Each structure stands twice: as C-alpha cells, then as structure tokens.
Amino acid sequence: MRDKGLYGVIVLAALLGGALVSLSVPRIAAYGALSGFGDVRSALDDGGAVEPLRLDAAYLAFEVAEIWLPDDAAILRDKARIARRLSRLAGKPAGSPVPDAATWRARAVRDLTEAAVASPANAFIWALLADAKLEAGAAAKDVLAELHLARLTGPYRASALVLEHGIVMRHWEVMPEEMRTHAMASTRLLWGRYTLWPVLLSSYIDAGLQARMAFRNEFSDTPSTLEQIDRLLWREIGPER
C-alpha cells in the first residue's frame, strides 16, 4: 500500500514538473529571441539613438517573441515603440528596407491596441496608444477614451502622465476641462524630474497661448522656476516662443 502511495506521489510530481516545463518553454523562447537586443530595449526607455537597420532587426526579433507569447503586454508595447521609432526613420538612409512611415504607424497602433487588451490596467500603454493614434492621423477628440483610461488606471504614473501632459498641451482647445485640470496638476511633479525637461519644453513650444499660460500659472508662486524655464526655452529657440 505504501509503495502504491509513493508511486502516486512520484507520478504526480512528474506531471507537475512536466507542466511547469511546458509553461516555461514559451517564455524562455520568447525572451531568448530578445536576448541580443538589450541595447534597443534600453534606448526605448532612455531615448538613446539606434541605427534604423538595428531597429528593424529588433522588430523582427519581437515578432518572433510575440509568436511564443502572443498576449505578453510588455512585448507588444515595446514592439510598438520600435515601430514608432521606425516610422520617424523611414527612408533614412536612402535604400533602407524599412517600410514607409504610415505602415509603421499603423503597426504601432495595432500592437498597442493588442497590448491594451492584454493589460487593460496599464496606464502607460493607454497613454502610448493615444499618442500613437494621434501620430497616425487620428483627431484629438478620438483619443479621449484612451486618455480617460490612462488617467483612471494610473493617475500618478509618471510614464503615462508625461504623455498625457504633452497631448493635452498640444490639443488644449479640444480637451475637456477635467483632462486639462489633471494634466496641469501633474506639471510640478513632472518638472521635478530633470530628465523630462526636454519633453516638457517640447510640448510647451508646440502648445498654444492658453496652454502655455496654464503651464506657467502652475509655477506662479515660484518665480525662480519660471526663470529657469525661460532660460531653457531661450537655449532651445531664442526669443521667439
């Protein structure tokens, strides 16, 4: 009787071990395909430069990874971020095998839509999707749902907030008041991260007068910060801002 019980335990352990191995194989294969592209993944986060052909190779590696893990939100998200970079580099250098910009933008929207389905509570993905849709030609009023979901799922997540902030600044006139208020409330928090200054200054420069006034009003009680902002703006574009 004892032998039968021991045999049952051994069989059960073997079955569990086999199941664990079968579950881990796709993840091992997927991330193995990406193992040679750590530089690209780092550049997606820190804004570093990557050659177009290197990005193209990375995109193909992410496609292989997606075959193994089709519902992995991180893989879909970074695949879309690569596509967005490639959309800005299409045709550079001349003769590059990279498709046209519109193709890459459409791929980015597709991948981010799938990523949002896979991870609906990820504010960064919702904000990225809104930004990618705008880049692909969508009207600002057509991404309000994505912006609302980004705000709802991650009201204090900086990676999402900086994208939301830029979108609201650039499309101030069509943004609902609640989105303007939420974006402006994050201005001090974002300015506290000096690595985000170039992004914030870029959206300030692209924004209209009302959005700029709202931005500056957030620092009305700290003149030294406004002076700092003006100095940085002067370096960027000189007196015409």
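Me: Let's start with isoleucine 67. Which helix is it in?

Reply: Isoleucine 67 belongs to helix α3, which covers residues 52–68. Keep in mind that this is a predicted model.

Me: Is isoleucine 67 buried or exposed?

Reply: Exposed: its relative accessibility is 68%, and that counts as exposed because the cut-off is over 50%.

Me: And how far is isoleucine 67 from alanine 30 in space?

Reply: Their C-alpha atoms are 7.8 Å apart, while in sequence the two residues are separated by 37 places.

Me: Okay, zooming out. How many helices and strands are there in the chain?

Reply: The chain has 13 helices and zero strands.

Me: What share of the chain is buried?

Reply: Of the 241 residues, 41% are buried. The accessible surface is about 13,000 Å², and carbon and sulfur atoms account for 60% of that.

Me: What about contacts between residues at least 6 apart in sequence: what share of them join residues at least 24 apart?

Reply: That would be 65% of those contacts.

Me: Now the largest nonpolar core. Which residues touch the most other members?

Reply: Ile82 and Trp191 do, in a core of 69 residues. Helix α6, residues 123–135, gives the most to this core, with ten residues.

Me: What does isoleucine 82 contact, leaving aside neighbours within four places in sequence?

Reply: Isoleucine 82 is in contact with Val40, Leu44, Leu55, Ala58, Tyr59 and Phe62.

Me: Switching to helix α4, residues 73–89. How far does it reach?

Reply: From first C-alpha to last, α4 reaches 25 Å with its 17 residues, close to the expected 24 Å.

Me: Is α4 mostly covered or mostly open?

Reply: Mostly covered, with 14 of the 17 residues in α4 buried.

Me: Which residue caps the N-terminal end of α4?

Reply: Aspartate 72 does that: one of its side-chain oxygens lies 3.1 Å from the backbone nitrogen of alanine 74.

Me: Last one, histidine 182. Where is it found?

Reply: Histidine 182 is in helix α9, residues 177–185.

Me: Why does histidine 182 count as buried?

Reply: Because its relative accessible area is 18%, and buried means under 20%.

Me: So what does histidine 182 touch, not counting residues up to four places away in sequence?

Reply: Histidine 182 touches Arg151, Pro155, Leu161 and Glu164.

Methods: Residues numbered from 1 in each chain as written. Predicted model: local features only at pLDDT ≥ 70, side-chain atom pairs only at ≥ 80, totals over all residues. Heavy atoms only, no water. Core = buried A, V, L, I, M, F, W, Y, C linked by side-chain atoms within 4.5 Å. Buried < 20%, exposed > 50% of the residue type's maximum accessible area, 1.4 Å probe, protein only. Helix = DSSP H or I, 4+ residues; strand = E, 2+ residues; numbered from the N terminus. Contact = heavy atoms within 4.5 Å. Expected span 1.5 Å × (residues − 1). Polar contact = N/O pair within 3.5 Å; in protein donor to acceptor, adjacent residues only side chain to side chain. Areas by Shrake-Rupley, 256 points an atom, 1.4 Å probe, with all protein chains shown as cover.
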